[in-house]
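Dear colleague,

Please find the structure below for your review. My notes on its contents follow directly after it.

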Amino acid sequence: MARKFFMDPQRCIGCRACMAACQECDTHRGVSMIYIDTLDTLWSTQTSPTVCMHCVNPPCANVCPVDAIKQDENGIVLSALADRCIYCRNCLYACPFAVPKYQAKQALMMKCDQCYDRTSKGKKPWCATACPTGALDYGEYDEVVARHPGQAINQWQFGGQLIETNVYVFCPPQGQRPTTRKDEG
């Protein structure tokens, strides 16, 4: 069974260990392809990692006019091929998660490729290896789901378009609602 990537935003503490570890990936050494977002600075310190969701039918690859973005047999959407990328940014505009980034130093559109150099050899991506809380996890579906409360989802609605991803995100268990400042006494 293929290993999968999981995110549990409820466990993210914003430590940015994932970003530092991402810079160690051999396919984009020195550049982090993961970002930490603050969800609601007015009411909470909650943060969440943002990585490529590796869409089953990736819009970024579908709009690339020069076929620079490829998807492997395991569903991993790879960064643009350096010898093909024309920096048109169509991939960025098409991505509903706004993941591809233009890297001027490399003159290339880049994105998370789940540390292909590691995952293709059965290892965890660097970010999931370094995450101290398990907010980022990687492994067999049943094993990872057993370690996290809530439901693992991989379908997202953007207007009339349903996007299915190879990355799963844990939502809070049914009936459990996150507490915000407004809810406190």
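In these notes, buried means under 20% relative accessible area, exposed means over 50%, and partly exposed lies in between, with a 1.4 Å probe and protein chains only. The model is predicted: local features need pLDDT of at least 70, side-chain atom pairs count only at pLDDT 80 or more, and totals for chains, interfaces and linings use all residues. Residues are numbered from 1 along each chain as its sequence is written, and side-chain values use heavy atoms, with hydrogens and water left out.

Aromatic pairs

Rings of Phe, Tyr and Trp (its six-membered ring) pair if their centres lie within 6.5 Å; planes under 30 degrees apart count as stacked, over 60 as edge-to-face and the rest as tilted. The count comes to 7 aromatic pairs. Y87 and Y102 form an edge-to-face pair, because their ring centres are 5.9 Å apart and their planes stand at 70°. This pair links distant parts of the chain, 15 residues apart: Y87 is in the loop between helix 2 and helix 3, and Y102 is in strand 4 (residues 101–103). Helices (H or I, at least four residues) and strands (E, at least two) are DSSP runs, numbered from the N terminus. Y87 is partly exposed at 32% relative accessibility, and Y102 is partly exposed at 32%. The rings of F97 and W156 are also edge-to-face, since their centres are 6.2 Å apart and their planes at 85°. F97 lies in the loop between helix 3 and strand 4 and W156 in strand 7, so this pair ties together parts that are 59 residues apart in sequence. Ring pairs also link F6, Y141, Y168 and F170 into a cluster.

Sheet

Two strands pair if DSSP finds at least two bridges between them. An open sheet of 4 strands runs in the order 6-1-8-7, with mixed pairing. Strand 6 (136–139) and strand 7 (151–158) are its edges, each pairing on one side only. Strand 1 (residues 4–7) pairs with strand 6 in the antiparallel sense over 4 bridges, and F6 has D137 in strand 6 as its bridge partner.

Cysteines

With a disulfide taken as a pair of cysteine sulfur atoms within 2.5 Å, the whole structure contains 0 disulfides. The sulfur of C88 is too far for a bond, because the closest cysteine sulfur, in C64, is 5.9 Å away. C88 is partly exposed at 31% relative accessibility. For C95, the closest cysteine sulfur is in C55 at 6.2 Å, again too far for a bond; C95 is buried at 15%.

Yours sincerely
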